[in-house]
Amino acid sequence: MRELPSKLPDLGVTIFSTMSALAQQLGALNLSQGFPDFGAPQDLIDALAKATTSGFNQYAPGDGLPILRQLLAEQYAQRDQVTLDPNRHITITPGATIAIFCAIQATVRAGDEVIIFDPSYDSYAPTVQVLGAKPVHIALKHPDFSVDWNEVKDAINDRTRMVIVNTPHNPTGSIWSTTDWHNLIQLIQDKDIVVLSDEVYEHLIFDGQQHRSACSFPELRDRSFVIGSFGKTFHVTGWKTGFCVASDHLMKLFRQVYQFASFCGVTPVQVALAEYIQQHPEHIRELSSFYQAKRDLFNQSIQGSRFKWTPSQGTYFQNLDYSDIRPDLNDTDMCQVLAHEHGIVAIPVSVFYKNAPQDLRLLRFCFAKKDQTLQQAGEILKKV
């Protein structure tokens, strides 16, 4: 049999896997991939053990456990004043990435165009490409990573089917303002364009700012998929449990695809999450202050270094500008220097672009780490 052509010929191993493997190979401090190096809440771990030993080991309902969907609906009602029907508007998925995949698969067809703001999470464009659709990349304006709305207006045409939004934003830590949302509404309100809003870091918002979900805007409610992640919220990224929120029509389309991508999420994980959320409502309330303290500790630990930075507004990532240190090196090479010569691993921000600016000198560091890890990182980076 002849070798079959790849649908994604330009893609290899992700940068996250590459850099984590490099950290392991060199015994370097790993602040590259976005996962905590501290444990999950003990009561949550105990709830999972209890769920498995109590017999919750068979298929869950395809759309997710009713109690977990109800708890999510209550969160949206309290924070966003949005009334969601847990049965019709919420689906639990095995991770947020598969929810993103299914939302795109359900609404985008060959020949359509999808607007993606760069730097962007690496699953968006490939998911669009495998459909035979076209990713249309619009670079956010450096250094504040704001949207050029004139460029968005110029990019929209009769083939535009979807706009992908990510707030809080990975990798930059920026968040969308109400003005951003209203600008988007103005451009798409009279067009058949769907919004995919990746909000997996929704509870990680700093300095008193507020997260605005796509579903909190009446003009967007019927045309938006909102994606969330329990893994990010509860320090259990390996549990791969997320969710999708959408209107009746969009959720029907979503579930038609999702049922054949993954029949259901992991049952005992859903049971454990539901029990923990009910027992510890303070976890989500305190999450932003928990991670803001880690952001501040990391930034304080590199005071006196030659890096420049603007404090992250959200997520658990902090970008550092090294243009005063090695402006001659691109960010991929700078990551290699840090790994091999200084024993610390980060992610080059250029990999999140289709066409990165030539003068981009930014590295992404994850501060979802133990305080000791962050202090150790600071000591290393001050010597660079």
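A residue is called buried when its relative accessible area is under 20%, exposed when that area is over 50%, and partly exposed in between, as computed with a 1.4 Å probe on protein chains only. The model is a predicted one, in which local features need pLDDT of at least 70 and side-chain atom pairs count only at pLDDT 80 or more, whereas totals for chains, interfaces and linings use all residues. Residues are numbered from 1 along each chain as its sequence is written, and side-chain values use heavy atoms, with hydrogens and water left out.

The protein contains 15 helices and twelve strands, where helices (H or I, at least four residues) and strands (E, at least two) are DSSP runs numbered from the N terminus. Its radius of gyration is 21 Å, close to the 21 Å given by the globule rule for 384 residues, so the protein is as compact as a globular protein of that length; the radius is taken over C-alpha atoms, and the rule is 2.2 Å times the number of residues to the power 0.38. Along the principal axes, the C-alpha trace spans about 55 × 55 × 55 Å, and buried residues account for 56% of the 384 residues. Of the contacts (heavy atoms within 4.5 Å) between residues at least 6 apart in sequence, 74% join residues at least 24 apart.

In soluble globular proteins, nonpolar side chains tend to be buried together. The largest nonpolar core here has 71 residues, of which Phe298 and Phe365 touch the most other members; such a core is a set of buried Ala, Val, Leu, Ile, Met, Phe, Trp, Tyr and Cys residues joined through side-chain atoms within 4.5 Å. Helix H5 (residues 96-107) gives the most to this core, contributing six residues. Apart from this core lies another, of 58 residues, which includes Leu72, Leu140, Leu187 and Ile193. When neighbours within four places in sequence are left aside, the contacts of Phe298 include Leu31, Phe365, Phe367 and Leu381.

Helix H14 (residues 331-342) has as its buried residues Asp331, Met334, Cys335, Val337, Leu338 and Ala339, and these pack against helix H1 (15-26) and the strands S10 (344-345), S11 (347-348) and S12 (362-366). The N-terminal end of H14 is capped by Asn330, a side-chain oxygen of which lies 3.2 Å from the backbone nitrogen of Thr332. Just after H14, Gly343 takes a positive phi of about 75°.

Thr93, in strand S2 (residues 90-93), counts as buried because its relative accessibility is 0%. The side chain of Thr93 reaches the backbone oxygen of Gly95 at 2.8 Å, a polar contact being a pair of N or O atoms within 3.5 Å in which, within protein, one must be able to donate a hydrogen and the other to accept it, with residues adjacent in sequence counting only if both atoms are side-chain atoms. Asp180, placed in helix H8 (residues 178-188), is buried yet has no salt bridge, and the nearest side chain of opposite charge, that of Lys141, is 9.8 Å away; in this assignment Lys and Arg count as positive and Asp and Glu as negative, while His and the chain ends are not counted. A polar atom of the Asp180 side chain does, however, lie 3.1 Å from the backbone nitrogen of Ser177, and Asp180 touches Trp149 and Ile175, not counting residues up to four places away in sequence.

The structure holds 15 salt bridges, each defined as a side-chain nitrogen of Lys or Arg within 4 Å of a carboxyl oxygen of Asp or Glu. One of them joins the side chains of Arg255 and Asp63 (3.4 Å, N to O). Arg255 lies in helix H11 (residues 248-261) and Asp63 in the loop between helix H2 (42-53) and helix H3 (66-80), so the pair ties together parts that are 192 residues apart in sequence. Arg255 counts as buried at 17% relative accessibility, whereas Asp63 is partly exposed at 26%. Asp248 forms a salt bridge with Arg88, the closest N and O atoms being 2.4 Å apart, and this pair links helix H11 with helix H4 (residues 86-89) across 160 residues. Asp248 counts as partly exposed at 38% relative accessibility, and Arg88 is likewise partly exposed, with a relative accessible area of 38%. Arg79, Asp80 and Glu202, finally, are linked in a network of salt bridges.
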